[in-house]
Amino acid sequence: MASWGREADIRPDQEESLEHGADRPGSGQAGVPCSPRQRTGAIVLPKSIPKLRRELPAVLEDAENGLPDLARDTIADLGDRLRELEDRIKGYDKRIERLAEDSGTANRLMQVEGIGPVTATALVATVGDARAFKNGRQFAAWLGLVPRQFSTGGKPRHGRITKRGDRYLRTLLGHGARTALCQLNRLNTAKAQWAQGLRQRRGFNKATIALAAKQARILWALMAREADYEPAKG
């Protein structure tokens, strides 16, 4: 593999660079990397996939940017593979959406803020009969979304969440809670007021975890009772 293909340094602006294959002044000897301050003429590509998709063609078409032919051909091939993967992912996303539309339980779950087809179908497929759990708290504990409990000086304390159980579902609910926390700004419900108050007191990350646990309890109720989601007014 050519030397230019080594792992690029992460810069403060969160972008990666592909160094030119030519020897660089100040390196001391051919093939030895320069320090970050000595590097010149770097081609900078964004880490964000949407930005990369927009900017990569211009980089590959620029014959004057000094990019070696081998690097140009390899990056073009990787770009083609990325587009193929994105097309396949879109195809699977559409299939998951159709599965969610055909499932009454998944449709009820998607009424909850931050819950989309992927999370809804994953819950339906993994949980099965939600009535196997005694209540929503037990379900949240199964997902690892309840805090550890300990005592100090005879007083009960709560620590970080246990992170036991299904990691994939817990991750999906966490991402959904982040989205929901932003959506709840525009709603006048009891849950929205609770979430925003918690965010102001404890910060965004802790509010997200707490909301994910609350969402888990709500989702359990919708699955176990086969009920529609009706948030309480604020």
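**Salt bridges in a predicted model**

Arg83 and Asp80 join their side chains in a salt bridge, 2.3 Å from N to O. A salt bridge here is a side-chain nitrogen of Lys or Arg within 4 Å of a carboxyl oxygen of Asp or Glu. The structure holds four of them. This is a predicted model: local features need pLDDT of at least 70, side-chain atom pairs count only at pLDDT 80 or more, and totals for chains, interfaces and linings use all residues. Residues are numbered from 1 along each chain as its sequence is written, and side-chain values use heavy atoms, with hydrogens and water left out.

**Within one helix**
- Arg83 and Asp80 sit three residues apart in helix H2, about one helical turn. Helices (H or I, at least four residues) are DSSP runs, numbered from the N terminus.
- Arg83 is partly exposed at 40% relative accessibility. Asp80 is partly exposed too, at 35%. The cut-offs: buried is under 20% relative accessible area, exposed over 50%, partly exposed in between (1.4 Å probe, protein chains only).

**Between helices H1 and H2**
- Arg53 and Glu86 form a salt bridge at 2.5 Å, N to O.
- Arg53 lies in helix H1 (residues 49-61) and Glu86 in helix H2 (residues 69-101), so the pair ties together parts 33 residues apart in sequence.
- Arg53 is partly exposed at 41%, whereas Glu86 is buried at 16%.

**Between helix H7 and a loop**
- Lys191 and Glu113 pair at 2.9 Å, N to O, in a salt bridge.
- Lys191 belongs to helix H7 (residues 190-202); Glu113 is in the loop between helix H3 (104-109) and helix H4 (117-127), 78 residues apart.
- Lys191 is buried at 8% relative accessible area. Glu113 is buried at 10%.

Terms used:
Helices (H or I, at least four residues) and strands (E, at least two) are DSSP runs, numbered from the N terminus.
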